[in-house]
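Please read the points below with the structure open beside you, and look up each residue as it is named.

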Amino acid sequence: MDFDSPEEKEFPGLYASEAADAKSKKSKEESDFSEGDHEKHSKKDLIGRRKDKKEKGKDRGYAALEGESSPEEELDTKSPSKSKKSKTFKFTSSKSKEKREKSRDKEKEVKAAEDEPSLKVKDKEKDKDKDKERQHDEKEHKKKDKERKEKDKKDKSDKKEKKDKKSKQTQQEDAAGVEEVLALGYPIFGVSVSLATERSRCHDGVDLPLVVRDCIDYLQQKQSLKCEQIYKVEPIKTRLLHYKRLYNNREHDATVDELNIPTACSLLKLFFRELPEPVLTTDLVARFEEVASHPKVTEQQAELQQLLEQLPKCNRTLLAWMMLHFDAVIQQERYNKLNAQSLAMLLSPTLQMSHRLMVALLCHCTNLFPDVKLIKYVPPLTSSSPGLPDKPEDIQIELRKQDSLLSQIHSEMNAGFITKKREEQLWEVQRIITQLKRKLRSCEKKQEKSIDELDSSTSAQTPGQPTAQPAPQPVAAPIDSVSEDTTDSKSAPTHLTPADEQPEEPSVSASPTATPIEYTVDKQTGYLLLPKTSAQREELLRLQIEYDELMNWQNELKTRILAERNEIFRLKQLCEQEMLKPSAGLAPNQEQLPNEGDYERVIEHYTRENALLEHKKQMLGMELKEERRACIALQVELRMQQF
Amino acid sequence: MSKKPTAGPALHKVIMVGSGGVGKSALTLQFMYDEFVEDYEPTKADSYRKKVRACTLTPKTLGSATQCCTPSLQVVLDGEEVQIDILDTAGQEDYAAIRDNYFRSGEGFLCVFSITDDESFQATQEFREQILRVKNDESIPFLLVGNKCDLNDKRKVPLSECQLRAQQWSVPYVETSAKTRENVDKVFFDLMREIRSRKTEDSKATSGRAKDRCKKRRLKCTLL
């Protein structure tokens, strides 16, 4: 089955996460130490753990009473996919049972994080490693306890704060334990950049892990950049870890959990600190450092550029966004008191590069990443969003996002990351896609209708309409409609009917009179030309040319419609003539009648083919239209040059 | 295993399965929007949600088909307001990879074939097996649906054969026409009713009984 590939993909991450965990723990311990309350912490943890044990006991009691599945049952029943490839997984679960019996206070999380790797790697040396493992577990355990405590705290405070949130969370609570187990096998923090990116995509085509994107977006706001706290103030630890957990479990909801400046900064830092290898990659980081110590600044840039090309794409994107964001931060030095030097001092250790290198990257960043722009992320809609977009283009954009989201959910589920919430989301996304598609289709139908209407109106109007010569005065009126109505230039003529022109005209003439600007009329083209000094000259000219081009297109289309109509008429006549002489046609047909079954199949085959072709035709038609529009835009540019 | 009935209108998740071109989408759209789409456009996957409101449909009135449920926006199942999520899947094998993800979360299945196409009937066997494999539960709410019954003159699958298969699986068999709307509401309502009774049964069951049944189910499956 297709399980091999995801598994292969998963494993490196899991190892990596372990390694990173160890690393992060180290660094965390260090930081704890520096705060000077290390001992306190561990005491607290001990107490917390004891409490935890009790709590857990209770939980289990509940579970048994309600027939709610306890964790190991869950593993068996809830994931049919696993039972399919059962061998490894059955083994896993049975083994985990064993483990639990040996050390009952082991956390679920630990199991999830360790089961798979431990199966393969530690199996043989299990006995030897037991002690080490226990130590490791304990460390993990402490961390977990902290997290859980915060969560409890958070829950309490939430209950006070918001009712809806409370209900949400209590609902989740039953499942939470289980979900954590599953989700923590697929974390965002502590895995390679590419894996993190893949696991929490931005669905608008920018390859960044969502957590990084959200933090940068938040910090890129004017008031954040100007704030003196930025990259200086540490957040409340529990809050930070709360956000880490949210992102790791893909539960972050921007509308509910708003970041603040210290948290966003530290979350970014945490992400980088937990990367299994530096963002500049272990292979290349030394060479980067070499280049950074290069004396000649100009050559430095070229060489950096060259090295950057060699980075994996997602690493490059990540670096680019960070550097451009830092650049934006130091642009506001006046307010936040951070310059390149001091910012590098603060952050170069986190990014695992030297101070010198970071300063070098910072000072070249706009040249190094000319193609990257920091764009605020608009996540895909959810069912709670106010409504779907109306314009076909917006619908297309949204569809692309939703498709990207859907494929991510599918690939994660195929890899075994299955929770109730995920399943809910799967259906929801699918539903939104269906709605979008239906809406798009109805838009297309409307367009077709409007073309039909256009047909009838043009056939009625063609004799009298002065389409060929757009006189100077009415020009401005249709411009409005064209610019508003870029979706369908074909509907422009409806605005052109004499009735429409009249009311618009005064306003056009009013604007020049109100501001008594001289204008000339270009004799060749009949364009209104404002004096070169006028700011609107360009725009007016552009609109006039665009209008001309669109009119040309319209005329072309109209002639073609007429031609097609004539063709239809001709064919109809031909058809009628054929009907009149039936005897000749029937004779050969009768010979074919015997094998009727084949006949039907052939018919079915062709109806299907035709439907497909029809679809293709529509797509091509749309493409044609787009291309044509691009042509027109270019034409306009070209002609602008002439003036 | 047991699902607690959540607050608010109950939500039943229905999945349409069957070969390509048998009319899964047509049935769905007819039920959802009272529209019949002539042209064939392959589905990858589509999902719909509908609120169902009571006009007290008893099975008997349902038997007499079409008009008993006025095309109201909401569906009412025996006086109770429920929501229905319908997932319309791809018939083609090409999308089988993503199908499992949906099957897993489905609570009831409409297995559709065309009575004018014997191959689509044969394919139902495959779909049934796939569902049982994923759901691990032989008594999952399931209806065998013979669509296109308005084309009775072109029937390729004899009624007796359909009924026999349904009997073997111990599931109901219903013939529908997405075109004329015959029995369209019936199949969805019947299935929802099965899902609902299944859910109440599950939630009533004491933990011990539930466990027993789980064991039974698993046992059966190992036999499979």
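The numbered points that follow concern a predicted model, and they go from a whole chain to single residues.

1. When contacts in chain A between residues at least 6 apart in sequence are considered, 74% of them join residues at least 24 apart.

2. The largest nonpolar core has 57 residues, and those with the most contacts inside it are A:Val212, A:Cys215, A:Ala264, A:Leu267 and A:Met323. Several helices of chain A each supply at least two residues of this core, among them α10 (210-219), α13 (261-273) and α19. The helix that gives the most to this core is α16(A), with 9 residues.

3. Leaving aside residues up to four places away in sequence, A:Val212 touches A:Leu268, A:Phe271, A:Leu318 and A:Trp321. A second, separate core has 55 residues, and B:Val52, B:Leu110, B:Phe142 and B:Val187 are included in it.

4. How do α14(A) and α19(A) lie relative to each other? Helix α14 (residues 282-292) of chain A packs against helix α19 (residues 355-368) of chain A at an angle of about 75 degrees, and their axes are 9 Å apart. Because angles of 65 to 115 degrees count as roughly perpendicular, α14(A) and α19(A) are described as roughly perpendicular to each other.

5. The contact between these two helices can also be read residue by residue. On the α14(A) side are A:Phe288, A:Glu289 and A:Ala292, which meet A:Arg356, A:Leu357 and A:Ala360 in α19(A). The residues of this contact divide into 4 nonpolar, no polar and 2 charged.

6. Two residues deserve a check of their backbone angles. A:Thr281 has a positive phi of about 65 degrees although it is not a glycine, and its place is in the loop between α13 and α14 of chain A. Because A:Thr281 has 17 C-beta neighbours inside 10 Å, it counts as partly exposed.

7. The other residue is B:Ser170, which is not a glycine and yet has a positive phi of about 45 degrees. B:Ser170 lies in the loop between α5 (159-169) and β7 (173-175) of chain B. Is B:Ser170 buried or exposed? With 9 C-beta neighbours inside 10 Å, B:Ser170 counts as exposed, since a residue with 12 or fewer is placed in that class.

Key. Residues numbered from 1 in each chain as written. Chains lettered and ligands numbered in written order. Predicted model: local features only at pLDDT ≥ 70, side-chain atom pairs only at ≥ 80, totals over all residues. Axes fitted to C-alpha atoms, helices over the stretch in contact; angles between N-to-C directions. Helix = DSSP H or I, 4+ residues; strand = E, 2+ residues; numbered from the N terminus. Parallel < 35°, antiparallel > 145°, perpendicular 65-115°, else oblique. Contact = placed C-beta atoms within 7 Å. Nonpolar A, V, L, I, M, F, W, Y, C, P; charged D, E, K, R; others polar. Core = buried A, V, L, I, M, F, W, Y, C linked by C-beta atoms within 7 Å. Buried ≥ 20, exposed ≤ 12 C-beta atoms within 10 Å, placed from the backbone.
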